[in-house]
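Look at the structure first, then read the points below.

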Amino acid sequence: MAAHLLLFVLFFDFSHSHTFLNPNRTPHWKNDDPNQGPFFGQPEQVHLSYGGSPNKIIVTWLTFDDTLDSIVEYGETEQLLSNVKGNCSLFIDGGELKTRRYIHRAVIEDIKPGTKYYYHVGSECGWSSVFTFKGLEPRPDGGYRFAVYGDMGNINARSLGKLQRLAQKRDFDMVLHVGDFAYDMDTKNGKFGDEFMRQIEPIAAYVPYMTVVGNHEEAYNFSHYANRFSMPDSEHSFFYSFDIGPAHIVGFSSEFYFYTKYGWEQIANQWNWLLKDLKKAEKNRKNVPWIITMAHKPMYCSDFYGDDCKLYESVMRRGLPLTHAYGLENLFFKYGVDLEIWAHEHSYERMFPLFNRTVYNGTDSPYVNPPAPVHVVTGSAGCQEEVVPFEKHPPPWSAFRSSLYGFSRMQVFNATHLYFEQVAAAGDDVIDSFWVVKNRHGRPTQNDKKKLETFGSRIPFNYCHHESHNCHPNGL
Ligand SMILES: [Fe+2]
């Protein structure tokens, strides 16, 4: 018995588990008096996430008191003839007031592709407005379209209006928010998190809002992130993956590498999961050829500050200091990851395809059958922290960069063509666009390695891209 208990303690990660409430509970306000109800039973912060297949969607919302029931009423007409019951977990904020939030989650599992659905959420104690979503189906011109960005705060959320408008017009099918929300969700006993979730509702109640965690969610062991979002097949939402059309999208936490005060085992847990997931995706690559990763902190950048992406021994790229354990660049190269999406730097930067500081920049068409992954940093949605300035002279891996606030749009058309663009928040300008064309997906071949060597430039350890820069002794 004792041995069992010990194993349970060793392998069960308590820190990120939700506190599910018993569906047969009696809420604190319930007694024999039928006039008595909860203080705050009004649902708010309604948002959707993709359930892992086109017929499945997860609906999440919040109340400030226990409403007992968590119900979604939905249907193809405004009569909302179907309903599904969900569960409820209690999230107690780590701040001084220990604010209690009741997080409700329900899964709709019978969605027909291309069909428009009406829905509202709540219980006898209060219902939300009616929202709509459309069952995911490929676009007439092919595949699915995503809005992609990181680093959006409450204050100066520069891209927010445009994203809300475009989401409601179904300009994109899904959002990928690559970490850093609200600035910060825990601020003022979590009121900033509530405000953020309210301000994305006009996006996220209409299209699935997929997320990864950033450093701004660090407080109380990232509990605001873990409790407020609901990613598929993952109770904690830190690492997960899903297939959509020709793309396998993998979300994971860069922050596990930097906040080891919450434990080292989370790096290993995630690493083991990544390995398993990439192996599984590799077996299914004929059906789902693109592998796209997303996490908050990048491996490469050319911003002014001395972040991890500026270092030769970048933790994200090379793994833990000295041992190089859990280094992600080798892993993603090995499995032939096509595109790596990052944020954190408050800017937009497209890299040439590259691996191990060898930059594939010696051809006219670097993104046609690139022999190494393509990296993009898109962390410029807008916040009060202002944009991060670039170094004056870009290092060789930097193909395009901009400090204008905005967001990216990506369309994975089919097995061979992926389109990516950056839209400025001010005006309607597309400031950068590129196609990645791949006739083959999979592990890099000998020919790929030769191509990279022949047409790539190797950036040495002590490379200093301009003498006017006060180059870092450990590299750039
Ligand atoms: Fe960040």
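Six strands make up an open sheet, ordered β15-β13-β11-β25-β26-β27, with mixed pairing. The model is predicted. Helix α2 spans residues 160-168, and β11 and β25 are among the elements that cover its buried residues.

**The sheet**
- The edge strands are β15 (209-212) and β27 (430-437).
- Each of these two has a single partner strand, so one side of each has no neighbour in the sheet.
- From one strand to the next, the twist averages 20 degrees.

**The β11-β13 pair**
- Strands β11 and β13 (residues 174-178) run parallel and are joined by four bridges.
- Ala147 has Val175 in β13 as its bridge partner.

**Helix α2: two sides**
- Leu160, Lys162, Leu163 and Ala167 are buried in α2.
- These residues lie on the same side of α2, because they cover an arc of only 160 degrees around the axis.
- Gly161 and Arg165 sit on the other side of α2 and are exposed.

**What covers α2**
- Strands β11 (144-149) and β12 (152-153) are included in the cover over the buried residues of α2.
- The cover also includes helix α3 (191-204) and strand β25 (406-412).
- Both β11 and β25 also belong to the six-strand sheet.

**After the helix**
- Arg170 follows α2.
- The phi of Arg170 is positive, near 60 degrees.

How values were computed
Residues are numbered from 1 along each chain as its sequence is written. This is a predicted model: local features need pLDDT of at least 70, side-chain atom pairs count only at pLDDT 80 or more; totals for chains, interfaces and linings use all residues. A residue is buried if 20 or more other C-beta atoms lie within 10 Å of its own, exposed if 12 or fewer, and partly exposed in between; C-beta atoms are placed from the backbone. The arc is that of the directions from the helix axis to the C-beta atoms. Two residues are in contact if their C-beta atoms, placed from the backbone, lie within 7 Å. Two strands pair if DSSP finds at least two bridges between them. Axes are lines fitted to C-alpha atoms, for helices over the stretch in contact, and angles run from 0 to 180 degrees between N-to-C directions.
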